[in-house]
Amino acid sequence: MAAHRKPRQRSLGGTTVRTAATLALAGAASATAFDGTGHAEPQLTPAQVKTKVDKLYQEAEAATEKYDGAKEKADTAQRHLNSLRDETARKQDGLNAARNALGSYATAQYRQGGIDPAWQLALSSDPDRYLEGAAFAERADARQAGAVAGVREQLREIEQLRGAARIEVKSLRARQTELRRQKRTITAKLTEARRLLARLTPPQQARVTGDGGAPGRASRSASDARAALEHAGAVAAPGTRAAAAVAYAYQKLGSPYVWGATGPNAFDCSGLAQAAYHSAGISLPRTTYAQINAGRRVSRSELQPGDLVFFYSGISHVGIYVGNGQMIHAPNPSAPVRLAPVDLMPFAGATRVA
């Protein structure tokens with residue numbers, strides 16, 4: 001009986017291989033299409049772009065406030081470190097002088113030969129004078145012992161200063177690491193916002209970046225803006241310092257937004273608030289989440305010109321209230337310092353600092 005043999009499989013020829021590869025690629029392309037990763041990015045409407053851009057700017061500003069806080073702490077750590085180094089250098093100079101004095105004393109003792117005091121008395125031609133000199137030498141030895149103790153204390157103090165400096169260096173490096181991390185976050189958010197805005201036409205960009213759809217506010221001069229508010233019934237700032245801060249904010253209308261900037265020609269939101277009140281003689285903290293606690297909290301119905309108004313649950317944005325429901329603030333990199341309604345963003349609280 002003939003044995004059953006398994007039929008030999010035909011090897012794939014060049015044409016067959018190409019056909020199989022084409023089918024495989026087609027299948028992969030179909031799968032990619034179903035996954036949604038093979039399509040071009042969907043075209044967003046201006047409204048959708050605005051929503052995304054606003055969220056990116058808010059996230060970038062929250063990171064900016066963290067950056068500002070980390071920078072403030074890094075600057076403080078650097079100043080403290082410099083102070084420790086200066087104090088260490090001064091104490092080192094004093095230590096070197098004390099060591100030189102001890103060295104001179106040791107040299108003098110060596111030159112005298114260290115003869116036993118009893119023999120010195122026996123060999124002295126003037127015993128009375130010798131005894132007076134010996135008493136002086138004892139007092140000198142006591143002073144030298146005190147000098148040695150002083151040197152030891154200086155060494156201990158210098159080592160303490162060096163230990164404190166090592167701790168401060170570690171703190172400074174941690175702050176610098178945090179600065180770099182927040183900077184990367186800010187840069188990524190702002191880059192994505194610019195990419196989205198670049199897909200719009202210039203008129204669409206103007207509508208997206210305008211406050212409440214009212215373009216042209218940023219180009220309004222300080223005198224025009226003040227006149228418009230006065231005509232609408234705005235109330236003057238109640239105190240001279242608050243008035244000075246408001247006047248400063250008016251003068252800065254149109255200044256560019258730059259994250260981390262505190263003026264005089266560019267600002268971020270908390271930088272503008274800090275600079276305005278600095279001009280009025282009041283020192284404010286650097287960040288929004290510290291500024292909100294820098295004065296007396298007031299309700300929205302109690303707002304007066306000069307009050308600081310804060311937004312979002314994370315207290316990541318601040319403006320300076322100028323009356324009639326309006327504030328001056330530094331919005332974001334796509335918009336300079338400008339007037340805007342207080343109800344433009346989610347209200348979080350207000351503080352009166354003057």
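**View 1. Packing of helix 7 against helix 8 in the predicted model.** Helix 7, which spans residues 240–251, packs with helix 8, residues 269–279, at an angle of about 130°, and their axes lie 7 Å apart. Because of this angle, helix 7 is oblique to helix 8. The crossing in which helix 7 passes helix 8 is right-handed.

**View 2. Residues in the contact of helix 7 with helix 8.** Helix 7 contributes Arg241, Ala242, Ala244, Ala245 and Tyr248 to the contact, while helix 8 contributes Ala275, Ala276, Tyr277 and Ser279. By residue class, the contact of helix 7 with helix 8 divides into seven nonpolar residues, one polar and one charged.

**View 3. The largest nonpolar core.** This core holds 30 residues, of which Tyr277, Leu308, Ile320, Ile328 and Val337 touch the most other members. Two or more residues of the core come from each of helix 7, helix 8, strand 2 (308–311) and strand 3 (317–323). A second, separate core has 24 residues, including Ala60, Ala70, Leu161 and Leu190.

**View 4. Surroundings of Ile328.** When neighbours within four places in sequence are left aside, Ile328 is in contact with Ala249, Tyr250, Leu253 and Leu272, with Gly319, Ile320 and Val322, and also with Val337, Arg338 and Leu339. Ile328 is also among the residues that touch the most other members of the largest nonpolar core.

View 5. Among contacts in the chain with a separation of 6 or more, 69% are between residues 24 or more positions apart.

Methods
Residues numbered from 1 in each chain as written. Predicted model: local features only at pLDDT ≥ 70, side-chain atom pairs only at ≥ 80, totals over all residues. Heavy atoms only, no water. Axes fitted to C-alpha atoms, helices over the stretch in contact; angles between N-to-C directions. Helix = DSSP H or I, 4+ residues; strand = E, 2+ residues; numbered from the N terminus. Parallel < 35°, antiparallel > 145°, perpendicular 65-115°, else oblique. Left-handed = near helix turned anticlockwise from the far one by under 90°. Contact = heavy atoms within 4.5 Å. Nonpolar A, V, L, I, M, F, W, Y, C, P; charged D, E, K, R; others polar. Core = buried A, V, L, I, M, F, W, Y, C linked by side-chain atoms within 4.5 Å. Buried < 20%, exposed > 50% of the residue type's maximum accessible area, 1.4 Å probe, protein only.
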